[in-house]
Amino acid sequence: MTRAELEPVEPDATRAREFVAQARLFLADAERETTHLESAVILYWSACISSMDALLAIDGLRVSSGEDSHAVRVEGARRVLGAGYRDLTDRLDEWRRERHGVSYAAITPGEADVAAMRADARDILEAAEAELGRRDEPRP
């Protein structure tokens, strides 16, 4: 199988709003008191994925099928957001690996790691919302 790629598509603010709404739902589910840490990691990561997909949709990009699609999303989000978000996108790349370990190697995450992931999931969602707001502003 080949590596996934960023494909150019028509910018789609409506689709971006759908991804933002989906990210909010994942965050709400992750933050329930009854959600186990392992499940929270999966839900926070899903919120990150939806937020990154929103950023890509706003910019007229999508991820093709293929290997490493999550890594390609992080690369795409880094490209859309620019250098000001480099630390966040670097951490998202780390969370990508953490989520993989929780999902497939049955690793139990620590509470501090889950709290940090929560903060980053909120930050990438906020970045997607801000970018969507900027793109929705009327141009003079």
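## Leu 56 in helix H2

Leu 56 sits in helix H2, which covers residues 37-59. Helices here are DSSP runs (H or I, at least four residues), numbered from the N terminus. The model is predicted: local features need pLDDT of at least 70, side-chain atom pairs count only at pLDDT 80 or more, and totals for chains, interfaces and linings use all residues. Residues are numbered from 1 along each chain as its sequence is written, and side-chain values use heavy atoms, with hydrogens and water left out.

Is Leu 56 buried or exposed? Leu 56 is buried, because its relative accessible area is 1%. Buried means under 20% relative accessible area, exposed means over 50%, and partly exposed lies in between (1.4 Å probe, protein chains only). Set aside the neighbours within four places in sequence. Leu 56 is then in contact with Leu 6, Leu 61, Val 63, Arg 73, Gly 76, Ala 77 and Val 80. Contact means heavy atoms within 4.5 Å. Thr 108 is 52 residues from Leu 56 in sequence, and their C-alpha atoms are 31 Å apart.

## Helix H3

Helix H3 spans residues 69-81 and has 13 residues. From first C-alpha to last, H3 reaches 18 Å, close to the 18 Å expected at 1.5 Å a residue. That expected span is 1.5 Å times one less than the number of residues.

Which residues of H3 are buried? They are Ala 71, Val 72, Arg 73, Val 74, Gly 76, Ala 77, Val 80 and Leu 81. Arg 73, Gly 76, Ala 77 and Val 80 are among the contacts of Leu 56. After H3 comes Gly 82, with a positive phi near 85 degrees.

## H1 against H2

Two packed helices are described by the angle between their axes and the distance between the axes. Axes are lines fitted to C-alpha atoms, for helices over the stretch in contact, and angles run from 0 to 180 degrees between N-to-C directions. Helix H1 (residues 13-30) packs with H2 at about 165 degrees, and their axes are 8 Å apart. So H1 is roughly antiparallel to H2. The cut-offs are under 35 degrees for roughly parallel, over 145 for roughly antiparallel, 65 to 115 for roughly perpendicular, and oblique for the rest.

H1 passes H2 in a left-handed crossing. Left-handed means the near helix is turned anticlockwise from the far one by less than a right angle; clockwise would be right-handed. The contact includes Phe 19, Phe 26 and Leu 27 of H1, and Leu 43, Tyr 44 and Ile 58 of H2. Its residues divide into 14 nonpolar, four polar and three charged. Ala, Val, Leu, Ile, Met, Phe, Trp, Tyr, Cys and Pro count as nonpolar, Asp, Glu, Lys and Arg as charged, and the others, Gly among them, as polar.

## H1 against H5

H1 also packs with H5, at about 155 degrees and with axes 11 Å apart. These two helices are therefore roughly antiparallel. Their crossing is left-handed. On the H1 side, the meeting residues include Arg 17, Val 20 and Arg 24; on the H5 side, they include Arg 122, Leu 125 and Glu 129. This contact divides into nine nonpolar, no polar and five charged residues.

Asp 120 lies in helix H5 (residues 111-136). Asp 120 counts as buried because its relative accessibility is 4%. Beyond neighbours within four places in sequence, Asp 120 is in contact with Leu 88, Arg 91, Leu 92 and Trp 95.

Arg 96 belongs to helix H4 (residues 86-104). Arg 96 is buried too, with a relative accessible area of 18%. With neighbours within four places in sequence left aside, Arg 96 is in contact with Trp 45, His 70 and Ala 71.
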